[in-house]
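This briefing is for a reader new to the structure shown below. It takes the topics one at a time.

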Amino acid sequence: MVEPEKSPIVSAVNTPSPPPSPFRLDGRCALVTGAARGLGFEMAQALALAGATVAVNGRDRQRVDAAVQALRALGGQAFAAAFDIADLASARHALERIRQEHGGVQVLVNNVGQRDRRPLDAFAREEVRSLLDVNLVAPLELSRQVAHGMGPGGRIINITSIAGPISRAGDVVYTMAKGGLDALTRALAAELGPRGINVNAVAPGYFATEANQAMVDDPATAHWLAQRTSLGRWGRPAEIAGAVVFLASPAASYITGQTLAVDGGFLAHF
């Protein structure tokens with residue numbers, strides 16, 4: 001009589017642990033500018049849920065504190081970093097505090113942007129300078145400061161726009177700034193690559209945010225997007241977050257100098 005084969009007893013001690021998810025950000029500190037609301041908050045929330053400790057930036061301390069509490073209520077780790085990114089002295093002070101208290105920034109998301117839709121001749125020279133300072137010069141300065149403390153594996157993610165590669169009348173300064181931010185992404189990737197720092201960008205399309213509420217409520221705009229985008233609709237704010245987590249994570253370790261459009265197919269559709 002042949003006895004049935006006995007199943008081997010596998011020791012729990014010898015069972016290999018599954019490899020960590022390549023999308024986890026545990027132990028990393030992420031600074032997200034303009035994170036108190038809108039797309040910035042969605043990015044901050046996703047990074048926190050992926051395990052990062054998130055520095056929530058904004059100029060309004062009350063809104064920043066409220067965003068921090070909301071992230072903590074979800075089980076994330078977050079703290080306030082209230083400063084004006086265009087104020088270099090304040091930015092340096094905040095970054096030094098983050099270095100002392102949290103070991104520095106390993107992921108920087110340059111999300112702050114200002115838009116002023118006016119015709120070409122409506123802008124005074126100083127108004128152009130001011131918009132470029134916030135949308136382009138400040139991300140350069142913040143990236144430069146953060147890069148000093150970043151080691152290999154550091155990530156810089158610039159939030160550009162589909163208004164970078166394409167344009168329309170009445171939006172000249174914003175388009176110029178976002179096109180410059182795309183170019184800055186490539187330049188920083190070349191500059192910081194030898195240090196092991198990856199620099200990429202995310203270009204949002206049309207998202208149904210609070211800032212766009214008037215357009216969201218306009219049936220004509222919804223009809224236009226139905227014809228103009230492959231997915232035929234507005235983007236939901238949470239849909240921006242996955243791209244940012246991906247580019248911040250080890251899963252994107254060999255991607256740098258790229259701009260990822262999150263636009264429902266706007267740029268690819270005609």
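Is Asn200 buried or exposed? Asn200 is buried, with a relative accessible area of 1%; buried means under 20% relative accessible area, exposed over 50% and partly exposed in between, with a 1.4 Å probe and protein chains only.

This is a predicted model, in which local features need pLDDT of at least 70 and side-chain atom pairs count only at pLDDT 80 or more, while totals for chains, interfaces and linings use all residues. Residues are numbered from 1 along each chain as its sequence is written, and side-chain values use heavy atoms, with hydrogens and water left out.

**Surroundings of Asn200**
- Asn200 is part of strand β6; strands (E, at least two residues) and helices (H or I, at least four) are DSSP runs, numbered from the N terminus.
- A polar atom of the Asn200 side chain lies 2.8 Å from the backbone oxygen of Ile255.
- A polar atom of the Asn200 side chain also lies 3.0 Å from the backbone nitrogen of Gln258.
- Leaving aside neighbours within four places in sequence, the residues in contact (heavy atoms within 4.5 Å) with Asn200 include Ile156, Asn158, Thr185, Leu247 and Gly257.

**The sheet**
- An open sheet is formed by 7 strands with parallel pairing, in the order β3-β2-β1-β4-β5-β6-β7; two strands pair if DSSP finds at least two bridges between them.
- β3 (77–82) and β7 (259–262) are at the edges with a single partner strand each, so one side of each has no neighbour in the sheet.
- From one strand to the next, the twist averages 20°; axes are lines fitted to C-alpha atoms, for helices over the stretch in contact, and angles between N-to-C directions run from 0 to 180 degrees.
- Strands β1 (residues 29–32) and β2 (residues 53–58) run parallel and are joined by 4 bridges.
- Leu31 has Ala55 in β2 as its bridge partner.

**Helices on the sheet**
- Helix α2 (residues 61–73) packs on the sheet, where it touches β2 and β3, and its direction makes about 175° with that of β3.
- Helix α5 (residues 172–192) packs on the sheet and touches β5 (155–159), β6 (198–204) and β7; its direction makes about 160° with that of β6.

**Helix α4**
- The 25 residues of α4 (residues 125–149) should span 36 Å at 1.5 Å a residue, and the end C-alpha atoms are 35 Å apart, which agrees; the expected span is 1.5 Å times one less than the number of residues.
- Buried residues of α4 include Leu131, Val134, Ala138 and Leu142.
- Among the elements covering the buried residues of α4 are β1, α3 (88–102) and β4 (107–110).

Definitions and conventions:
A polar contact is a pair of N or O atoms within 3.5 Å; within protein, one must be able to donate a hydrogen and the other to accept it, and residues adjacent in sequence count only if both atoms are side-chain atoms.
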